[in-house]
Amino acid sequence: MKKLRLGVIGACGRGTLADWAHQPQNGVEIVAGADIYEEQRKSFVERYKKEKNADVKAYADYREMIEKENLDGLFVTSPDFCHEEHACHALQNKVAVYLEKPIAITLEGADRILKTAHDNKTPLMLGHNMRYMDFTRKMREIIQSGVIGEVKAIWCRHFISYGGDAYFRDWHADIANTNTLLLQKGAHDIDIIHWLAGARSVRVNGFGALTAYGSVPRRPLGDEQMGNLNLARPWTLSSYPPENLKDFYPTVNNEDINMITMQLENGVQASYMQCHFAPDACRNYTVIGTRGRLENFGDNGYHSIQVWTKRTDRYDLNGDITYRFEPNDGGHGGADPRIVQGFIDMLQKGVAPDTTPQWARHSVATGILGAKSIRTGGTPYEIPALSEELENYDFSQSSDK
Ligand SMILES: NC(=O)c1ccc[n+]([C@@H]2O[C@H](COP(=O)([O-])OP(=O)(O)OC[C@H]3O[C@@H](n4cnc5c(N)ncnc54)[C@H](O)[C@@H]3O)[C@@H](O)[C@H]2O)c1
């Protein structure tokens, strides 16, 4: 089995995802990390020492890490607005990339990343870990079994209790850093809608606004605290209701409610609705076919999928078929270790993962144009296609295969 020397850009926060890849017994090691913040570099080195008994190197400059470390692959887990720069630089240097969602915050940026991977014949995988969750996989299996007939509608309601803590206290709050929270959060769900439908959006429109969080007191300009997660993000159940919140990021201009509707290339009619100040947290999908409907109740811990196949003229919470799920320890319900293994398998065995850069780009394109619609009075926009060459390219293969 090919030995792998791996690195990470953005060593803390989501950078802990890379920890699943540190498997010296399988010849796979995280050897280095880059982060612009000193405290994060220190914390990264200490984490590996304490939890893995490993000596990793920390760099302030990711370019220096790529130049010196002879890496086979790299996790890019830096903030959304860094993805294009970090991924393109690694790919240009023939380092395979695992790139967190959203692929980029502009359509041009997303397309440039795909083109760079293609031109350098270097593997690129996107971190859409929701495709590796038990409940999404089961929903897809149910749909593919044909039990609910031909799918015609997919609707997702997304309740985000922790929206204020996670997305309005730090860089996420400013559209200059995210473009829209339809990417940061919605890129996952738009991708799952596409994946369940087996088709992608061709048209999108929407409405939304900054509502409850518009009046929450902010920190003064200059107090961005980009690198101090603890100060910037007290994540607590007492951060509710919105009137109790304070100390938001100095610039808050992202919508806290986003609602988009999508028409897919196979005629499926879809919708995604997101609220960042709900009291509870769940991604609630329903898929309606010509012979039935499914819906998930909960998306982690103890949760279920109900499937209705007989007509009833009321809303019966118990479907005709029930699938139950139990808590799973791995991050994001077990999806994180699975998707990281997907990256290792891609690099060691050339196995294509369950996510593709093309579909990741399309979810971001849909989110970007959905936000554009929200900001232009609900105008519908067509989603531009990729070039045929990029659309048909296999991003899991490298030039030496
Ligand atoms: N797939 C998922 O389930 C999931 C979950 C959380 C976050 N994410 C994604 O992971 C990425 C990181 O999110 P986060 O919440 O951990 O962000 P974060 O702000 O905590 O940053 C992550 C790390 O990057 C470092 N960093 C910041 N700017 C940097 C720069 N210019 N160069 C190098 N390192 C830098 C930070 O110090 C931190 O260690 C985002 O793109 C986010 O969308 C994905």
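Two strands count as paired here if DSSP finds at least two bridges between them. With that settled, here are the close-ups of this predicted model.

**View 1. Strands β1 and β4, side by side.** Strand β1 (residues 4–9) and strand β4 (residues 73–76) run parallel and are joined by four bridges. To pick out one of the pairs, find L6, whose bridge partner in β4 is G73.

View 2. Follow the six strands across in the order β3-β2-β1-β4-β5-β6, with parallel pairing. β3 (57–59) and β6 (124–127) sit at the edges with a single partner strand each, so one side of each has no neighbour in the sheet. From one strand to the next, the twist averages 25°. Helix α2 (residues 62–69) packs on the sheet and touches β1, β2 (28–34) and β3. The direction of α2 makes about 145° with that of β2.

View 3. The chain splits into domain 1 (4–130 + 335–354) and domain 2 (131–325), and their C-alpha centres lie 26 Å apart. Domain 1 puts 20 residues into the contact and domain 2 puts in 16. On the domain 1 side, α1 (38–52) and α11 (335–349) are the elements giving two or more residues, with the largest share, three residues, coming from α11. Sorted by class, that side of domain 1 has 10 nonpolar, five polar and five charged residues.

**View 4. Around the ligand.** The ligand is surrounded by 26 residues, and G10, C12, G13, R14 and E100 are the closest. The shell's make-up is nine nonpolar, 11 polar and six charged residues.

Technical notes:
Residues numbered from 1 in each chain as written. Predicted model: local features only at pLDDT ≥ 70, side-chain atom pairs only at ≥ 80, totals over all residues. Axes fitted to C-alpha atoms, helices over the stretch in contact; angles between N-to-C directions. Contact = placed C-beta atoms within 7 Å. Near = placed C-beta within 6 Å. Nonpolar A, V, L, I, M, F, W, Y, C, P; charged D, E, K, R; others polar. Domains from an automatic or database assignment.
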